[in-house]
Amino acid sequence: MAAILRERGWLTGGTDAVGIDRAEMGRSSAAPLLGLSDGHVAWCERAALLLGPQAADRAALESLLDLVFHYDAAELAGQVESHVVLSRDGARDVLRETALLLMDGGVLDSERFKEIIAALKVRLERGSRDLFHPIRLALAGKSGEGELDRVILLLDAAAALQWDVPVKSARARMIEFCSAMD
């Protein structure tokens, strides 16, 4: 995980606390974690736990990680996939209600995500596909299947850490997406 983050330029680190350089890091199985803060190590471990089983290979894992570190709502608004999802009956209602629930505060973790989905089911009386596709589009940047929910669960924890590129929280993504829709 950490090796991918470094290769993609999302997180750099030249040496660890005892001065081991990048060339030496390649010789150890723990090498990719050297030089990372405890928060980054914990995030990498959680990302590996959530995304690893969803990715068939390294390229698929990189693709999922890219969704955490690259988000451009204006770009999304111009994609055909976005128009298809947003044209479905009730999609904009789902986004509006999700935005309101996200604005209530709190970190979007697994429990909070479950609470939001439960509240949406009650408020909107929609099926899973009608709920999840717009949410996944707005927060993960794609409208696919359940692997995107794991991406969403990593956003707020990633946004709380210092990276070489800014990571947008779920709340920031929703605000940006809703602004780009109009």
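One cavity of 30 Å³ or more is counted, a cavity being a set of points on a 1 Å grid over the protein atoms alone where a 1.4 Å probe fits but cannot get out. The largest cavity holds about 40 Å³ of space, the volume being that filled by probe spheres set on the points, which are joined across faces, edges and corners. Its lining, meaning residues with an atom within 4 Å of a point, consists of Val85, Arg88, Asp89, Gly90, Ala91, Arg129, Asp130, His133 and Pro134. Helix H9 (residues 128-140) supplies the largest share of that lining, four residues; helices here are DSSP runs of H or I with at least four residues, numbered from the N terminus. By class, the lining comprises three nonpolar, two polar and four charged residues, where Ala, Val, Leu, Ile, Met, Phe, Trp, Tyr, Cys and Pro count as nonpolar, Asp, Glu, Lys and Arg as charged, and the others, Gly among them, as polar.

The model is predicted, with pLDDT of at least 70 required for local features and 80 or more for side-chain atom pairs, while totals for chains, interfaces and linings use all residues. Residues are numbered from 1 along each chain as its sequence is written, and side-chain values use heavy atoms, leaving out hydrogens and water.

The whole structure contains zero disulfides, that is, pairs of cysteine sulfur atoms within 2.5 Å. Cys44 counts as buried because its relative accessibility is 3%, whereas Cys178, at 22%, counts as partly exposed; buried means under 20% relative accessible area, exposed over 50%, and partly exposed in between (1.4 Å probe, protein chains only).

Thr98, in helix H7 (residues 91-103), is buried because its relative accessibility is 2%. A polar atom of the Thr98 side chain lies 2.7 Å from the backbone oxygen of Val94. Not counting residues up to four places away in sequence, Thr98 touches Ile116, Leu120, Ile135 and Met174, contact meaning heavy atoms within 4.5 Å.

Key:
1 Å grid on protein atoms, 1.4 Å probe; cavity = no way out; pocket = protein on both sides within 12 Å on 5 of 7 lines; lining within 4 Å. Helix = DSSP H or I, 4+ residues; strand = E, 2+ residues; numbered from the N terminus. Polar contact = N/O pair within 3.5 Å; in protein donor to acceptor, adjacent residues only side chain to side chain.
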